[in-house]
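Colleague: Before I use these labels, I would like to hear what stands behind each of them.

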Amino acid sequence: MKEYQTITEISGPLVFVETDEPIGYDEIVDIETPSGEIRRGQVLEAASGYVAIQVFEGTDGIDQDSSVRFLGETMKMPVTEELLGRVLDGSGDPIDGGPDIVPEERHDIVGAAINPTAREYPEEFIQTGVSAIDGMNTLVRGQKLPIFSASGLPHNELALQIARQATVPEEASDEEGDDEESEFAVVFGAMGITAEEANEFMDDFERTGALERSVVFMNLADDPAVERTVTPRMVLTTAEYLAFEKDYHVLVILTDMTNYCEALREIGAAREEVPGRRGYPGYMYTDLAQIYERAGRIDGREGSVTQIPILTMPGDDETHPIPDLTGYITEGQIYVDRALNSQDVSPPINVLPSLSRLMDDGIGEGLTREDHADVSDQLYAAYAEGQDLRDLVNIVGREALSESDNRYLDFADRFETELIDQGGHTDREIDETLDIAWELLSMLPETELNRIDEELIEEYYVGGAESEPVEAAAD
Amino acid sequence: MSQATQEQTVDDDGVIDSVSGPVVTATDLGARMNDVVYVGEEGLMGEVIEIEGNVTTIQVYEETSDVAPGEPVENTGEPLTVDLGPGMLDTIYDGVQRPLDVLESQMGAFLDRGVDAPGIDLEKTWTFTPAVEEGDEVSAGDVVGTVDETVSIEHKVLVPPGYEGGTVESIEEGEFTVEETVTTLSSGEEIKMRQEWPVREARPTVEKQTPTKPLVSGQRILDGLFPLAKGGTAAIPGPFGSGKTVTQQSLAKFADADIVVYVGCGERGNEMTEVIDDFPELPDPQSGNPLMARTCLIANTSNMPVAARESCVYTGITIAEYYRDMGYDVALMADSTSRWAEAMREISSRLEEMPGEEGYPAYLAARLSEFYERAGYFVNANGTEGSISVIGAVSPPGGDFSEPVTQNTLRIVKTFWALDSDLAERRHFPAINWDESYSLYRNQLDPWFEAEIDADWSETRQWAIDTLDEEGELQEIVQLVGKDALPDDQRLTLEVARYLREAWLQQNAFHDVDRYCPPEKTFQILTAIKAFNDEAFAALEAGVPVDEITTIDAAPRLNRIATTPDDEAEAFVADLTDEIESQLQEQY
């Protein structure tokens, strides 16, 4: 082990050290302060003669006499199945008072990219029990589907509801024909959330008994910001181990990615890098991709990693670099909406801008139900039409609209109150969601259902009788 | 440098001086600009991007964790090249042409580093059939023989560019590997099936011509309103979720090109897997053979090294040029060029170059135009004609088309397919905005459509454009006063325009029939809507109230033509038009 007492500069989270032997890029460093405290850091730049170190736990208390030890290896996460049920801090050390972790293996936290030829295309439906997701933005195993939220919105409740309710329905898993259903696990990574939010999560985990099948990483709002840059990597290294070596179906929840990006910006600024948009580093796309892309399935392995990252959009602005870059990497997004929230719709998901890119292959006959794709399309079109008309109603009033327009307005209202607003503790089967959808669609005349196959209309449409008199009134 | 030949290493090797992410500096490296080097103990592949005094800056195509100053850098003395030869189709490469399936068998499911593999299989033997005889004169670019590369494509073995040429001294039919000599010339030159070519340099041609044939895409809004020429360039910008990738994939599946090179540049891993899973099973609509038989995939997903993302579009276009030289029509899809531009920005910022607009390097525009100029309709050195059509997706931050990558791309390309998040939100797919999009090839392609599809092609199209324009204007009024306040003829126009949008412009990429629409059917649907329009206006003239016209039973069936099998469509349309006619005429 190489040890130096040659710190030349301390600046923000960075420490510069003179060295006389080569130090590897990304290598892990221990810095011992005069008071005997050990701080962990990582080499950000390795040059002959000096290195720049990013200190995870903050540089306060470090002086030029502190000793720097280079550990000769890159950052590793000790992994074992025993991690389930444990609570760790943002750097992976236990904080639940339990025994030390005896690792089975130690994995590099900078995960390697999955070879696209080795991936298995995700198409196994996960039932979250939330209609707005199951019905219209279906989540599948191995997907990364972020929640786009903003301050003051109940994104955490939604994440918890998903974690609580997520299952793979019987028929779908039988198709696979595996003898034993793989177990489900949650790996939860908190970055810069408040102690209060952390308590909410922990209480819910404990109350529902979910903690036993969870690994929790906590970096709280008052923990060092720089530590946040390693937390998601620790989380995902653990998730990959559980999924690909221990056959778990892992759901990863990361909250809040905005804090992670702020930490990236802080390091970038300290290194005096040329900033990209809004001061965030130019490599933020690549950096985020290295996190989000660690979701998926691998051919021939049982487990899967499904990611639900949560981010709060600064100023509710979806063009802000954080949601924007995220949207370009992830396979869709779920929008939590302020207006719906103030109408007390729960969960307040705005389906129009929401999207699940992997939906089309995860639904349909044998997976969910044969009418799922068409119904979802038609709901989108009809709800969008209703939304447009709402703007118009503000100007001309409802009386000025035709019968057909009024039907769409009613549809949009009932869509929100009956399909979306299900409450935080209702767990709906996919069939139930689709049945409600048909009830709503039956408000519209059959001829308006141009996205749905005629045979399916015949089978599921229940409105025929009522729509006739309405049409007569229109003439 | 090519991975196939790792022979000489001269004594101009250097030593690493510093490491910062993908950028490594080395001292004492006697390298030229753009030479390929191997960095560190593990031999990570990199490329020289700056030389200053004794210090050489290298961009490394692999993860640099744990690489330390003092480790060696080995120079190959050659620029980044690709291996060209039979075996590139039905293959998936990373950004520096390493076959991903070979990498998987060498290092498992995760991409490790420091592993190298030749771009084409060096062991495999191919049946070579001579196309010339001993004593024939050949020069650079000429075809000396052929190989059946896949069921769809006959691979032509060319005299490599730059060869002097001469009389064929020996040539024979038989089984050869790509490294064995198949032909010797009087000049002493030997021709093998494998060639190398530096990726950043365009392969030579005789001349570039004005394209006159469309690249038929099977997408109604593209063929019908904004056609792309074989040899043309197009950009698809759009915010996330607007369907760039679905459109690109539809083009890759259904465009009537001979060869498709699909470059997944910094995009999602699962999307590439979808392509890898789907393409072998889907039939090529032209030949009926599996799609992969005409496809070469290049996948550099967003979490693969950033420097390889920068090079992957060049790898793609060089492979495209090679097939063009054989006289094929090649279509190259780059998804997304913004990721490529961002890779340039990332490397540039690590070099601490003076940034241009939004942090992009000042040479962004030059690099983009250089790339798109490699597309075109060409006369090759061997007298054949071939084309490269380039379709580049652009991912503008926040969906804002005024950003540098979109703007610089629009200055070069002649077809613009603007994706629109409003359309996407109401699930109108493909979400191509018909007001903003344009194709400057329209006029030069009209003669083809009029000769091959229908003489009324351009006239009918103009009617559709006019109706959609009128709808756009009327919608603004409707937003203020409601639909019922409009006069009857305008309400009818809105109804017709609605059918244009729903029955014609919308197309379901996931429906077995609708995903590919031959131009004949595109025209049939349009004429059916026009027939409805004409009959409806005649009825209106005769005094029939607009509500009765729009509620006839037959009209909504216009929406069903698209999903009717292609061979039944004509009869369906004829039947439907008759019915519309009789139902409307009944009313007066």
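Modeller: What follows takes some labels one by one and sets values against definitions. This is a predicted model, in which local features need pLDDT of at least 70 and side-chain atom pairs count only at pLDDT 80 or more, while totals for chains, interfaces and linings use all residues. Residues are numbered from 1 along each chain as its sequence is written, chains are lettered from A and ligands numbered from 1 in the order in which they are written, and side-chain values use heavy atoms, with hydrogens and water left out.

Colleague: What makes A:Glu32 and A:Arg69 a salt bridge?

Modeller: A salt bridge is a side-chain nitrogen of Lys or Arg within 4 Å of a carboxyl oxygen of Asp or Glu. For A:Glu32 and A:Arg69 the N to O distance is 3.4 Å, so the pair qualifies. A:Glu32 lies in strand β4 and A:Arg69 in strand β7 of chain A, so the pair ties together parts 37 residues apart in sequence. Strands here are DSSP runs (E, at least two residues) and helices are runs of H or I of at least four, numbered from the N terminus.

Colleague: Why is A:Arg69 called buried?

Modeller: Buried means under 20% relative accessible area, exposed over 50%, and partly exposed in between (1.4 Å probe, protein chains only). A:Arg69 is at 15%, so it counts as buried. A:Glu32, at 27%, is partly exposed.

Colleague: How do you know that B:Asp514 and B:Arg220 form a salt bridge, and where do they lie?

Modeller: Their closest N and O atoms are 3.1 Å apart. B:Asp514 lies in the loop between α12 and α13 of chain B and B:Arg220 in helix α2, so the pair ties together parts 294 residues apart in sequence. B:Asp514 is buried at 5%, and B:Arg220 is buried at 0%.

Colleague: Which residues make the nonpolar surface patch?

Modeller: A:Ile395, B:Ile477, B:Leu480 and B:Val481 make this patch of about 350 Å². Patches are made of residues with over 30% relative accessible area and no salt bridge; nonpolar side chains (Val, Leu, Ile, Met, Phe, Trp, Tyr) are joined within 5 Å, like charges within 9 Å. B:Leu480 has 54%, so it passes the area cut-off and is exposed. The largest share of the nonpolar patch, three residues, comes from α11(B).

Colleague: What does α11(B) supply to the negative patch?

Modeller: The largest share of that patch, five residues, comes from α11(B). B:Asp466 is found in this helix and is partly exposed at 41%.

Key: Accessible areas come from the Shrake-Rupley method with a 1.4 Å probe; for residues, only the protein chains shown count as cover.
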